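Here are my notes on the model, point by point. Please keep the structure open while reading them.

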Amino acid sequence: MKFRTEIEPLRHQGEINPQSRILLLGSCFSQNVGQRLRQEGFQVAINPFGQLYNPASIAAFLQRVATCSLYTPEELIYSEESGLYHCLDAHTSLSKADQGAMVKGLNSVLEASIEFLSSATHLIITLGTAWVYRLASTGQIVANCHKLHPSTFSHELMSIAQARGHLHTAVTHALSVCPNLHIIFTVSPIRHLADGLHGNNISKSTLLLAIQEYITPTENDISSKPPSSLIYFPAYEALIDDLRDYRFYASDMKHPSEVAIEYIYQLFKQSFMDRNTIDHCALQYRQFLRDNHRPLTAL
């Protein structure tokens, strides 16, 4: 007798191997998966501009990469409260007190991303929310509000069509840099409770429908027909419908626990790696643990 609706691995074994180069973009769930891939010996680039939660910000980043559009000082915004220059396309961790250093740092990260994507084999996009903030003065959707005054922004929910359009933009630009790229979509199981439980569920539903409509368009809708190399991985469903218990959440009741992250990562491996690659990962991870072991007492 089964007491859970277990999710079976996808049938894409061998899709990812030790030679794969993987760019991960999206919510902090991308950080979790990316770090585990790195610990197991994979060549990865994880959120070069920090966490990007909504489809528009991910599309904007890939457009920058595809067009090699470097930042200028005029594109930064200064906060007197923090004393820092911010980029509305990037996480606060990239902000700096010196404007020149900020521009140089952003462009250095951007150039490294261009180089990595040009020879990448896989792009993993983890969508976190369909709620977005727009800069009131221009209408630009921002990746991060940087704790600026709330009156600086308006807050709205993307429609399914808008989210799908941004996915199409993101994929188009990514493939213009690397035409043979394989792209895996997923929706983060992290709950964005700032918008309320109902708002979070509406947001996740919007993302799930946008991905589904983009990956499997109708015969009459060929205007944005995607390539066949797009795959949806059910990370969201693995936590919400499979594990389905608060004991698999961290103490904040929003993020998955370490056990849940590991469970979803193992499902990912079983979905995309063959036995030889999984064995290789085990060897690499043991080496990682040895290299990072620190004795409790010094000799």
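1. Polar contacts come first. A polar contact is a pair of N or O atoms within 3.5 Å; within protein, one must be able to donate a hydrogen and the other to accept it, and residues adjacent in sequence count only if both atoms are side-chain atoms. At the start of helix α3, a side-chain oxygen of Asp98 comes to within 3.2 Å of the backbone nitrogen of Gly100. Helices (H or I, at least four residues) and strands (E, at least two) are DSSP runs, numbered from the N terminus.

2. A word on the source. This is a predicted model, in which local features need pLDDT of at least 70, side-chain atom pairs count only at pLDDT 80 or more, and totals for chains, interfaces and linings use all residues. Residues are numbered from 1 along each chain as its sequence is written, and side-chain values use heavy atoms, with hydrogens and water left out.

3. Helix α3 covers residues 99-118, 20 residues in all. From first C-alpha to last it reaches 29 Å, close to the 28 Å expected at 1.5 Å a residue. That expected span is 1.5 Å times one less than the number of residues. Its buried residues include Met102, Val103, Leu106, Leu110 and Leu117. Buried means under 20% relative accessible area, exposed over 50%, partly exposed in between (1.4 Å probe, protein chains only). The cover over the buried residues of α3 includes β1 (21-26), β2 (43-46), α2 (55-67), β4 (84-86) and α4 (160-177); contact means heavy atoms within 4.5 Å.

4. Helix α7 has 15 residues. Its span is 21 Å, close to the 21 Å expected. Among its buried residues are Ile261, Ile264, Phe268, Lys269 and Ser271. What covers them includes α1, β5, β9, β10 (230-232), α6 and α8 (275-291).

5. Look at Ser271 in α7. Is Ser271 buried or exposed? Ser271 is buried, at a relative accessible area of 1%. Its side chain reaches the backbone oxygen of Leu267 at 2.8 Å and the backbone nitrogen of Leu10 at 2.9 Å. Leaving out residues up to four places away in sequence, Ser271 touches Pro9, Leu10, Arg11, His12, Gln13 and Phe233.

6. On a 1 Å grid over the protein atoms alone, a cavity is a set of points where a 1.4 Å probe fits but cannot get out, and a pocket is an open set with protein on both sides within 12 Å along at least five of seven lines; lining residues have an atom within 4 Å of a point. One cavity of 30 Å³ or more turns up in the whole structure. The largest cavity has a volume of about 80 Å³. Its lining includes Leu24, Phe29, Ile264 and Phe268. Helix α1 gives the most, with three residues. The lining divides into nine nonpolar, three polar and no charged residues.

7. Then the open space. The largest pocket holds about 590 Å³. Of its 24 lining residues, Tyr53, Thr129, Tyr133, His192 and Ala194 lie nearest its centre. Strand β6 (131-135) gives the most to this lining, with three residues.

8. Arg191, Tyr236, Arg244 and Asp245 are among its lining residues. Its lining divides into six nonpolar, two polar and three charged.

Terms used: Points joined across faces, edges and corners; volume = space filled by probe spheres on them. Nonpolar A, V, L, I, M, F, W, Y, C, P; charged D, E, K, R; others polar.
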